[in-house]
Every structure is written in structure tokens, then in C-alpha cells.
Amino acid sequence: MLTKTTSRFLSILIASVLLFSFTKPVYQANFSGTWALNTGKSELGQFGARGVATKIVVDQKADGVTTNKTTAGFNGGADLVTAEALTNDGKEVESTVFNGNGKRKAALKWAADGNTFTITYSISFGQGELTGSENWSMSADGKQMTVTNTGNFGGNEFVTKAVYDKQ
């Protein structure tokens, strides 16, 4: 037989377990800050630094992640800055890219451990559609961030691994 105190304790314990099983994961990694591309540690493929952001400003909050990515302009033109606000609930958002010439649809999903997240995306523009995913991870000391981008454009697959240093 359980005593009244033991029975009450077990009820509270079970209620607590149920409550915490439905809560969102705890995000252990904090990606907020300004990040500069480290070309020496990156694997940028055939397009070099032209294919990745040279600077990323991240603002991470409880409900999502906002990024401002600066990419070198085409043919020596002005840098391109792309802003994107992604939510932690996995809903797809749409943003404008390529100086208004393209649309990017993207969704963010955190890994169960709260230390990495993946952004799946599709970009539609005049020449076709680019699809892929970005896997964002943080070094243990929080001083380097890696974005591994796996994409496909017209049946041609590519992978870049961009390493960023916190500024």
C-alpha cells in the first residue's frame, strides 16, 4: 500500500514527466553574433568564396533565427545582402534573394540535441530552381560555426563546407 504522501509524490512526478515531454527542446548552441568566412578552413568547391556568404549576422531568439548574409556580387558587382527570418516551428518562410530576382522558400529544423539545425530550401529564379539543405553546427567553444550546404541545380549536385569565425 502506498501512503498518501507517496501517492501524491508519484502523481506530481508523473505529471512533471508528461509536461516536460511536450516542451520544445532546449537550444544549447547560441548562433547569435557576427561571423566572418575563414577560407583557409573551408571547402568551397568550384565557385570558391563566390558560392557562400562571406559574412553572416545571426540573431537567435526563443521563437526563431534571423540571418543577414553578405555574399560577393556577381562579376565584381556590389555585395548582395539577404535577410531571412526562420521560425523554430519548422514552417516554411519565403524571402527575396538575388537583389529581388529570386524567391527562396526555407524551413528550419533543430536537431534533438539542440546543438545543430538544418535549413531545407528551394530557390526559384530565371534560370531554374536550386534545391538543397544547409546544416549549421557550432564548435564546442562557440568560436567557430560550420555551414555545410548540399544542393542541386539542374541535376548537378554540389557540396560546400563554409567555416566562420565569430567576430
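Tutor: Please note that this is a predicted model. Leaving aside neighbours within four places in sequence, Glu134 is in contact with Lys69, Arg104, Phe117, Thr118, Ile119, Tyr121, Val147, Thr148 and Asn149.

Student: Where does Glu134 lie?

Tutor: Glu134 is part of strand 8.

Student: Is Glu134 buried or exposed?

Tutor: Glu134 has 5% relative accessibility, so Glu134 counts as buried. The cut-off for buried is under 20%.

Student: Which side chains have a polar contact with the side chain of Glu134?

Tutor: One is that of Lys69, with a polar contact of 3.2 Å. Another is that of Arg104, with a polar contact of 3.3 Å.

Student: Now the rings, please. How many aromatic pairs does a search of the whole structure find?

Tutor: The search finds six aromatic pairs. In one of them, the ring centres of Phe31 and Trp136 are 6.4 Å apart and the planes are at 70°, so this pair is edge-to-face.

Student: Why does the pair of Phe31 and Trp136 tie together parts that are apart in sequence?

Tutor: Phe31 lies in the loop between helix 1 (4-21) and strand 1 (33-37), while Trp136 lies in strand 8 (residues 128-138), so the pair ties together parts that are 105 residues apart in sequence.

Student: And are Phe31 and Trp136 buried or exposed?

Tutor: Both Phe31 and Trp136 are buried.

Student: Which residues do ring pairs link into a cluster?

Tutor: The cluster linked by ring pairs consists of Phe31, Trp110, Phe117 and Trp136. Phe117 is also among the residues in contact with Glu134.

Key:
Residues are numbered from 1 along each chain as its sequence is written. This is a predicted model: local features need pLDDT of at least 70, side-chain atom pairs count only at pLDDT 80 or more; totals for chains, interfaces and linings use all residues. Side-chain values use heavy atoms; hydrogens and water are left out. Rings of Phe, Tyr and Trp (its six-membered ring) pair if their centres lie within 6.5 Å; planes under 30 degrees apart count as stacked, over 60 as edge-to-face and the rest as tilted. Helices (H or I, at least four residues) and strands (E, at least two) are DSSP runs, numbered from the N terminus. Buried means under 20% relative accessible area, exposed over 50%, partly exposed in between (1.4 Å probe, protein chains only). A polar contact is a pair of N or O atoms within 3.5 Å; within protein, one must be able to donate a hydrogen and the other to accept it, and residues adjacent in sequence count only if both atoms are side-chain atoms. Contact means heavy atoms within 4.5 Å.
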